[in-house]
Amino acid sequence: MVGWDKKFGTTRSAGVKKPQGHAIIRAALRSDMEKVISESKKGSGLHGKLEKVVLAYSGGLDTSVIVPWLRENYGCDVVCFTADVGQGIKELEGLEEKAKASGASQLVVKDLKEEFVRDYIFPCLRAGAIYERKYLLGTSMARPVIAKVMVDVAKEVGADAVSHGCTGKGNDQVRFELTFFALNPKLQVVAPWREWDITGREDAIEYAKKHNVPVPATKKSIYSRDRNLLHLSHEGDILEDPANEPKKDMYMMSSDPEDAPDQAEYIEIGIEAGLPVSVNGKKLSPASLLTELNDIGGKHGIGRVDMVENRLVGMKSRGVYETPGGTILFIAARELESLTLDRETIQVKDSLALKYAELVYAGRWFDPLRESMDAFMEKITETTIGSVTLKLYKGSVTVTGRKSPHSLYRQDISSFESGQIYDQADAAGFIRLYGLPMRVRAMLEQGV
């Protein structure tokens, strides 16, 4: 994004050229910085001594000043790490130059889009995990995959610490650090926003100028945004008052439903074992499938959510989310389950989905409880195979058809016409037994 990033992964920064596959792009970067930073590199910094730190880097103002701050305060070498989770090519342009200017010794970029969708988004989809009735966990799922690869990079480059640019008031600090704890408890974690004296944008700009770090010339966005392949979130400015309607020009992933096409569009989602595999009969990779549905859904104004949520750290916050493709997939997956799962299974699955969503929101992706629940979800959806047809029209998604070779729906049983399997006369005995507790209580109260 074109503005000041308060947490890694926001759309407030620009970035490098799009990497190919999982290739690591490394650039040996030589800093021209002198004075305090170069001197501190020779020994301990103001806050202690670390050898090498891997920093979650977006290229915005915050993470740009964190680089010299780490060198000055910990006397360490800084390796910048950027994950491509679908935030867009503009977010990845120019990162090498920015990292070099900030004083980083190395830049590592990895394309995680397929892994993100396949191993994080799709399991949540299969589980039906939605936080507080509305939130499809777009940011919550992205942080663990980023942090996991940061741990891998730390091992690869021989780092003894990791660092992030999350503020001390948000959820992301917890999500990053719980992943670090779970995967490598030996790594030290540095969270500058909980340590330094910088309190705002002007302080950060002053610090950057003092340490010869070029200040981004782009205009500061009035919103705090986070974008990945699943969603785009908006916070701040007029949204901080829950009574204010979002401005029409705030949205970036979806058309205004009022301006969406007047002609409805029908799409068919193919599903195997609870996971989407095709759109209109065309099989696609996880990331490609979601990308296509984002384009289709965004055109029709699908997936806008405006909500006040309870943050993990205790406060309430108001956010607006655009999740076009994800909204379509969640509706399709749940609808197919209406054919393939029985009543008791659906009830248990739905109850577990609430806890699953809570664990993901709270950053406990690598918690054994979530992993065990995921095993249940995988087993219970083995027969959720088939397709769902949906009608997209001006912000709405309507199910128009569903079919499955494992459907528990039998027309010969459900029909109002008489059949051999279901004898309507049997219902009388069932009702008498099912209602017996209520009848006995009434008899007691009435002295019968």
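Trainee: How are α8 and α9 oriented to each other: roughly parallel or roughly perpendicular?

Mentor: α8 and α9 are roughly perpendicular to each other. Their axes come within 6 Å and cross at roughly 100 degrees. Angles under 35 degrees count as roughly parallel, over 145 as roughly antiparallel, 65 to 115 as roughly perpendicular, and the rest as oblique. The axes are lines fitted to C-alpha atoms, for helices over the stretch in contact, and the angles run from 0 to 180 degrees between N-to-C directions.

Trainee: Before I go on, what am I looking at, and how are things numbered?

Mentor: This is a predicted model, in which local features need pLDDT of at least 70, side-chain atom pairs count only at pLDDT 80 or more, and totals for chains, interfaces and linings use all residues. Residues are numbered from 1 along each chain as its sequence is written, and side-chain values use heavy atoms, with hydrogens and water left out.

Trainee: Ok, back to the helices. Which residues of α8 and α9 meet?

Mentor: From α8 you have Leu289, Leu290, Leu293, Asn294, Gly297 and Gly298, and they meet Pro324, Gly325, Gly326, Ile328 and Leu329 in α9. Contact here means heavy atoms within 4.5 Å. By class, the α8 and α9 contact has six nonpolar, five polar and no charged residues. For the classes, Ala, Val, Leu, Ile, Met, Phe, Trp, Tyr, Cys and Pro are nonpolar, Asp, Glu, Lys and Arg are charged, and the others, Gly among them, are polar.

Trainee: How many helices and strands does the chain have?

Mentor: The chain has 14 helices and 15 strands. Both are DSSP runs numbered from the N terminus: helices are H or I with at least four residues, strands are E with at least two.

Trainee: And what share of the residues is buried?

Mentor: Of the 448 residues in the chain, 52% are buried. Buried means under 20% relative accessible area, exposed over 50%, and partly exposed in between, with a 1.4 Å probe and protein chains only. As for contacts between residues at least 6 apart in sequence, 77% join residues at least 24 apart.

Trainee: Let's switch to charges. How many salt bridges are there?

Mentor: The count comes to 25 salt bridges, where a salt bridge is a side-chain nitrogen of Lys or Arg within 4 Å of a carboxyl oxygen of Asp or Glu. One of them pairs Arg143 with Asp226, with the closest N and O atoms 2.9 Å apart. Arg143 sits in helix α5 (residues 138–157) and Asp226 in strand β7 (residues 224–227), so this pair ties together parts 83 residues apart in sequence.

Trainee: Are those two buried or exposed?

Mentor: Arg143 and Asp226 are both buried.

Trainee: What about the salt bridge of Lys282 and Glu292?

Mentor: Those side chains meet at 3.4 Å, N to O. Lys282 is in strand β11 (residues 282–283) and Glu292 in helix α8 (residues 286–299), ten residues apart. Lys282 is partly exposed at 43% relative accessible area, and Glu292 is partly exposed too, at 23%.

Trainee: Where does Lys379 come in, with Glu382?

Mentor: Lys379 forms a salt bridge with Glu382, and the closest N and O atoms are 3.3 Å apart. Lys379 counts as exposed at 54% relative accessibility, while Glu382 is partly exposed at 44%. There's also a network: salt bridges that share partners join Arg143, Asp172, Arg175 and Asp226.

Trainee: Now sheets. What is the strand order in the open sheet of four strands?

Mentor: The order is β7-β8-β13-β12, with antiparallel pairing. Two strands pair if DSSP finds at least two bridges between them. β7 and β12 (304–310) stand at the edges with a single partner strand each, so one side of each has no neighbour in the sheet. The twist averages 25 degrees from one strand to the next.

Trainee: How many bridges join β12 to β13?

Mentor: Seven, with β13 covering residues 316–322. Val308, for instance, has Arg318 in β13 as its bridge partner.

Trainee: And which strands pair with β14?

Mentor: Strand β9 (residues 265–272) joins β14 (residues 386–393) through seven bridges, running antiparallel. Ile269 has Val388 in β14 as its bridge partner. β14 also pairs with β15 (residues 396–403) in the antiparallel sense, over seven bridges. In the hairpin of β14 and β15, which has two residues between the strands, Lys394 takes a positive phi near 45 degrees.
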